[in-house]
Amino acid sequence: MTNYGYEKIVAELKNLKEVERPRIVVEIDVARSHGDLKENAEYHAAREKQAFIEARINELGLMLANAQIINPATLSHDKVSFGSSVKIVNLDTDKEFIYTLVGSMESNPSKGLISVSSPIAKALMGKAVGDEVSIVLPNGENEFEILEIFYKDIIFEG
């Protein structure tokens, strides 16, 4: 993952530990004060939410423990690779797109950050400027040409 992805996970983990976990403990205490726990839907919902938060904390902790941070700026971007930003054009519509290939935890398609395991990224991987690529999308098969491959730093906005 990139440093951006690492910072994103650290921020989510911090929020879960410092904000969400204490908040759910208070919710459980309030629900518990309402009496009979067997028929207390508020209590059971809070406990379920607590279990989800704890599971997510564990999941994120494992990700961070096993994370390998790669600085894409140090990689060659003469061909599409992890961390590359790629400008492509749909040959049927002439519509241009710019995507940056990142790890799955970092992906945010609305910001142009796509996972290296996505169909688009898999099709682009290893290709060079001028190459034509056929990509199967939900609307069918589309032909694209790679116009530009470059590196741009991704800034974490926590």
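Select glutamate 12 to begin: is it buried, partly exposed or exposed? Glutamate 12 is partly exposed, because its relative accessibility is 28% and that label covers what lies between buried (under 20% relative accessible area) and exposed (over 50%), using a 1.4 Å probe and protein chains only.

A quick word on what you're looking at. This is a predicted model, where local features need pLDDT of at least 70 and side-chain atom pairs count only at pLDDT 80 or more, while totals for chains, interfaces and linings use all residues. Residues are numbered from 1 along each chain as its sequence is written, and side-chain values use heavy atoms, with hydrogens and water left out.

Helices here are DSSP runs of H or I with at least four residues, strands are runs of E with at least two, and both are numbered from the N terminus. Arginine 56 has a relative accessible area of 17%, so it counts as buried.

**Stop two: a second link**

Now pick glutamate 54 and arginine 21. They make a salt bridge too, with the closest N and O atoms 2.8 Å apart. Here again distant parts of the chain are linked: glutamate 54 sits in helix H2 and arginine 21 in helix H1, 33 residues apart. Back at the second pair, glutamate 54 is partly exposed at 27%, and arginine 21 is partly exposed at 29%.

**Stop three: along one helix**

Which residue does arginine 23 form a salt bridge with? Select glutamate 20, whose closest atom of the N and O pair is 3.1 Å from its partner in arginine 23. The two are three residues apart in helix H1, so about one helical turn separates them. Glutamate 20 is buried at 17%, whereas arginine 23 is partly exposed at 41%. In total, the structure holds six salt bridges.

**Stop four: the start of the chain**

Jump to methionine 1, in the segment before H1. Show what surrounds it: leaving aside residues up to four places away in sequence, methionine 1 touches Tyr6, Ile9, Ala67, Gln68, Ile69, Ile70, Phe82 and Glu106, where contact means heavy atoms within 4.5 Å. Methionine 1 and glutamate 106 are 105 residues apart along the chain, yet their C-alpha atoms are separated by 7.6 Å.

**Last stop: zoom out**

Colour by secondary structure and you'll find three helices and five strands, in the order α-α-β-β-β-α-β-β along the sequence. The C-alpha trace spans about 70 × 35 × 20 Å along its principal axes. Of the 158 residues, 34% count as buried. Finally, among contacts between residues at least 6 apart in sequence, 51% join residues at least 24 apart.

How values were computed
A salt bridge is a side-chain nitrogen of Lys or Arg within 4 Å of a carboxyl oxygen of Asp or Glu.
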